[in-house]
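Work through the exercises below with the sequence and the coordinates open beside you.

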Amino acid sequence: MKKVTIIGGGTGIFANLSGLKEYPLDLGVVMTMMDSGGSTGKLRVQLGVLPPGDLRQCLVALSDAPKLWRDLFLYRFDEGDFRGHNFGNIFLSTLEKLASDYDEVVELASYILKSKGEVCPVTYTQTNLKATYLDGTKLISEDAIDSYKGDSNIVDLTLTNPAVATEKTVSRLKHSDFIILGPGDLYTSIFPVLLVDGVIDAIRLSKAKIIVVMNLMNKTGQTTDFSTFTILEEFHKYLGGNKIDYVLMSNSNIDKKVLAYYASHGELPIKNDLDEKNFKGEIIKADISSTISYIKPSGDNLERTLLRHDP
């Protein structure tokens, strides 16, 4: 059975896991632990817990539990003192207070949700992201970077303090047959995983083929005006020389109303220039964008992407 490991966080990784769990694979995920926005950010500050948001997304995506449990973990309060919080985030934060260590948190939550795969938080070190932009701007925290709408691009991404990869993460990556990066925000979901000590070395020691799932649209403040080749250059930079073998990209026709919405925010479809740049890996083009636009629930104060990948 092929061992497939996904790296990232957020909604992109949710779609990826939701689709792949239907196949006979040894499926796993290594997710970012640097989230600091919304419900997760409040819980980190107020309770001193590790960020639960991406862990919750992965557990639910892989869940084989009754629909009620999945709905509970995704439920977001829209009024009262809990407004903006996910039930799942509160549950995982409470579990962290009661468990002997975070491995037990993951184990118990995986058991409750009957998650079909290995879920590996990349680190248990409390740390945040720090981005330096071409114009000299410096931002600290995933939330600040994610919400930045300036014209300048990121030239350097680091952690505020060193973080060490969990043993499960290192073992998982070393023994993978395929490692999939994305889709997702490059600098707040995918690259943060690669910054953790031990991750790049584990990938280098593996025999895994590396697959990049290309995003559908550029993101203001992160990948403004980036082409597919520019994005892969950034992947190579943070992958520390590990070679990309495959790129999966969309050839879907996006609804004009959706394109107009993105254009009003200064965001456009990513231009494909890999053919003319002589990319050495294999390019796979497919109709992979969802025809269902995301509807943000009441109580969610974060800006969300409208267009999603189809699981």
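A crossing of two helices is called right-handed if the near helix is turned clockwise from the far one by less than a right angle, and left-handed if the turn is anticlockwise. The model to which this is applied here is a predicted one.

**Exercise 1.** Describe how helix 3 passes helix 6, and state which residues make the contact.

*Solution.* Begin with the axes: those of helix 3 and helix 6 (residues 102-113) come within 9 Å and cross at roughly 35°. With the definition above, the crossing of helix 3 with helix 6 is right-handed. Next, list the partners: Leu-55, Leu-59 and Val-60 of helix 3 touch Tyr-102, Val-106, Ala-109, Ser-110 and Leu-113 of helix 6. Sorted by class, the residues of this contact comprise seven nonpolar and one polar, with no charged residue among them.

**Exercise 2.** Determine why helix 1 and helix 3 count as roughly parallel, and characterise the contact of these two helices.

*Solution.* The axes of helix 1 (residues 10-20) and helix 3 (residues 53-61) come within 8 Å, and the crossing angle is roughly 20°. Angles under 35 degrees count as roughly parallel, and the two helices are therefore roughly parallel to each other. The handedness of the crossing of helix 1 and helix 3 is right-handed. On the side of helix 1 the contact involves Gly-10, Thr-11, Ile-13, Phe-14, Leu-17 and Ser-18, while helix 3 contributes Asp-54, Gln-57, Cys-58, Val-60 and Ala-61. By class, this contact of helix 1 with helix 3 has six nonpolar, four polar and one charged residues.

**Exercise 3.** Characterise the second largest pocket by its volume and by the elements that line it.

*Solution.* The volume of the second largest pocket is about 330 Å³. Of its 18 lining residues, Asn-16, Leu-20, Val-213, Leu-248 and Pro-311 are the closest to the centre. At least two lining residues each come from helix 1, strand 7 (178-181) and strand 8, and helix 1 gives the largest share, five residues. The lining of this pocket divides into 13 nonpolar, four polar and one charged residues.

**Exercise 4.** How many cavities of 30 Å³ or more does the structure hold, and what lines the largest cavity?

*Solution.* There is one such cavity, and the volume of the largest cavity is about 40 Å³. Its lining includes Gly-182, Leu-186, Val-213, Phe-235 and Ile-270. Helix 9 (186-194), strand 8 (209-213) and helix 11 (228-238) are the elements that give two or more residues to this lining. Its classes are nine nonpolar, three polar and no charged residues.

Definitions and conventions
Residues numbered from 1 in each chain as written. Predicted model: local features only at pLDDT ≥ 70, side-chain atom pairs only at ≥ 80, totals over all residues. Heavy atoms only, no water. Axes fitted to C-alpha atoms, helices over the stretch in contact; angles between N-to-C directions. Helix = DSSP H or I, 4+ residues; strand = E, 2+ residues; numbered from the N terminus. Parallel < 35°, antiparallel > 145°, perpendicular 65-115°, else oblique. Contact = heavy atoms within 4.5 Å. Nonpolar A, V, L, I, M, F, W, Y, C, P; charged D, E, K, R; others polar. 1 Å grid on protein atoms, 1.4 Å probe; cavity = no way out; pocket = protein on both sides within 12 Å on 5 of 7 lines; lining within 4 Å. Points joined across faces, edges and corners; volume = space filled by probe spheres on them.
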